[in-house]
Amino acid sequence: MHRPNLRGIDLNLLVILRVLLEERNTTRAAERLAMSQPAVSRALSRLRSMYHDPLLIRTPQGMEPTIRALELLAPLRQILRSVEQTLQPLTPPRPTEFTGVLRIAAHSYVEYVMLPGLIEQLHRDAPQLTIQIVPLCSNYDRQLDEGQVSMVIMRHENVPSRFDTLPLLDDRLMCVANHHHPLAGKRIDYQTFAAADHLVVAPRGSEGGVLDDLLARRGLARHTQLIVQSFLAAPFILARSRLLLTAPVRILEPMKEALKLREIHTQFALPRFVVSQIRHRRDDNHAALNWFCQQLQQWCHTLQAECRELLPA
C-alpha cells in the first residue's frame with residue numbers, strides 16, 4: 001500500500017478541512033479560522049486535489065459533504081486533538097511523587113557546607129527521591145554530556161555554552177595552622193608563605209590552583225608535603241602536624257576552636273571564589289532536578305546572608 005509523503009503535505013490544511021466539514025460554509029469557516037473567504041476556497045481546492053474527492057458539494061440546501069468527507073471528520077478531530085495535547089504544557093508532579101536518583105558531581109565541600117541544611121526538607125517534601133554525591137572529575141563536561149550526573153557543583157570556571165551555570169555561594173581562602181606552629185597568629189609575606197611546608201587539598205587529584213598561580217607570578221612556589229582529597233580530613237590532619245593549610249573559610253571557621261587551629265594572616269589577599277551549579281540545557285524540563293535546584297538556591301541564599309561577617313565584600 002502506497003504511504004503518502006507527509007513532508008509534502010501542509011498539515012494546516014487538515015485544520016481548515018475540519019472547520020469546513022463542521023461549518024459546511026466557506027464564509028463561516030473563514031470567520032472561525034480568521035482567514036479570508038478566498039483563502040479558504042483556495043485551501044478547499046488543494047484539499048480536493050490531495051484527497052482526490054470533491055469533499056463538499058454545493059446544493060440548493062448549501063454545501064453537503066461527500067461520503068469520503070464524512071468518513072474523514074471523526075479521525076480528523078482525533079488527530080488534531082492529539083496534536084493539541086502535545087502542545088499543552090505538562091503539569092509537573094508534586095515533590096512527594098518524585099522517585100529515582102539525582103546524581104550530583106561534587107566534592108566534600110558541598111557535602112559539608114550545603115547538604116546538611118537540605119536533608120530535613122528533602123526528607124519531608126520528597127521522601128522517595130535519592131540524592132547521590134559522586135566524585136567530581138576533571139572532565140566534568142563529559143559526566144554531564146553522557147548523563148552520568150544530573151548536575152555538577154564546583155568552583156566557577158570557563159563553562160561551555162551548552163551548560164547552564166548559576167552561582168550559589170561565594171567563599172574565600174583562609175590560611176590556618178596548629179596553634180603550636182611558629183607562624184600561628186602572625187602576619188606573613190609571600191616569601192614566608194611559600195617557604196613553609198604545606199598541606200594541600202586536591203579534590204580532583206591535581207595539585208596547583210589559583211593560589212599556586214598567584215605565587216608563580218612572583219617567581220615563587222610552595223613546598224607541598226602532603227596532598228589529600230578531602231576538605232574534611234585536612235583540618236584534622238593539620239591539628240597534629242606542623243604544616244600550613246589554605247582552604248575555604250566555610251570549611252575551616254567551624255573547626256578552628258575544636259581543633260585549636262589559628263589563622264595566619266597574609267600581607268596579600270588570598271583568592272576568593274564562587275561555587276556554582278552547572279546543568280546540561282537538555283534537562284531544562286527535568287521536574288525533580290528543577291525542584292532540587294530551587295531548594296538548593298534558597299538554602300545557599302540563607303547561607304550567604306548568615307556568613308556576611310566572614311566574607312566581607
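Predicted model: local features only at pLDDT ≥ 70, side-chain atom pairs only at ≥ 80, totals over all residues.
Local features were considered at pLDDT of at least 70 and side-chain atom pairs at pLDDT 80 or more, whereas totals for chains, interfaces and linings use all residues. Residues are numbered from 1 along each chain as its sequence is written, and side-chain values use heavy atoms, without hydrogens and water.

Helices and strands are DSSP runs numbered from the N terminus (helices H or I, at least four residues; strands E, at least two). Helix α2 (residues 26–33) packs with helix α3 (residues 37–51): their axes come within 8 Å and cross at roughly 110°. The axes are lines fitted to C-alpha atoms, for helices over the stretch in contact, and angles between N-to-C directions run from 0 to 180 degrees. From α2, the contact (heavy atoms within 4.5 Å) uses Thr26, Thr27, Ala29, Ala30 and Leu33. From α3, Gln37, Val40 and Ser41 take part. These residues divide into 4 nonpolar, 4 polar and no charged. Here Ala, Val, Leu, Ile, Met, Phe, Trp, Tyr, Cys and Pro count as nonpolar, Asp, Glu, Lys and Arg as charged, and the others, Gly among them, as polar.

Most residues other than glycine have a negative phi. Arg24, in the loop between α1 and α2, has a phi near 55°. Arg24 is partly exposed, at 34% relative accessibility. His52 also has a positive phi, of about 55°, and lies in the loop between α3 and β1 (56–59). His52 is exposed, at 73% relative accessibility. Buried means under 20% relative accessible area, exposed over 50%, and partly exposed in between (1.4 Å probe, protein chains only). Asn12 lies in helix α1 (residues 12–23) and is exposed, with a relative accessible area of 53%.

The structure holds 5 aromatic pairs. Rings of Phe, Tyr and Trp (its six-membered ring) pair if their centres lie within 6.5 Å; planes under 30 degrees apart count as stacked, over 60 as edge-to-face and the rest as tilted. Phe98 and Trp291 form a tilted pair, because their ring centres are 6.0 Å apart and their planes stand at 55°. This pair links distant parts of the chain, 193 residues apart. Phe98 lies in the loop between α4 (67–87) and β3 (100–105), and Trp291 in helix α13 (residues 287–306). Both residues are buried. Tyr109 and Phe273 form an edge-to-face pair, with centres 6.2 Å apart and planes at 65°. Tyr109 belongs to helix α5 (residues 108–113) and Phe273 to strand β13 (residues 272–280), so the pair ties together parts 164 residues apart in sequence. Tyr109 is buried, with a relative accessible area of 2%. Phe273 is buried too, at 14% relative accessibility. Together with Phe231, Tyr109 and Phe273 form one aromatic cluster.

Helix α13 has 20 residues, and at 1.5 Å a residue these should span 28 Å. The expected span is 1.5 Å times one less than the number of residues. The end C-alpha atoms are 29 Å apart, which agrees. The buried residues of α13 are Ala288, Leu289, Trp291, Phe292, Cys293, Gln295, Leu296, Cys300 and Leu303.

Two of these, Leu296 and Cys300, are among the residues in contact with Leu168, as are Met114, Ile153 and Val275; neighbours within four places in sequence are left aside. Leu168 lies in strand β6 (residues 163–178) and is buried, with a relative accessible area of 9%. Asp283 sits in the loop between β13 and α13. Asp283 counts as buried, at 16% relative accessibility. Not counting residues up to four places away in sequence, Asp283 touches Ser150, Leu289 and Asn290.

Pro254 lies in the loop between α11 (249–252) and α12 (256–259). Pro254 is exposed, at 53% relative accessibility. Leaving aside neighbours within four places in sequence, Pro254 is in contact with Tyr112 and Val249. The C-alpha atoms of Pro254 and Gly62 are separated by 86 Å, and the two residues are 192 residues apart along the chain.
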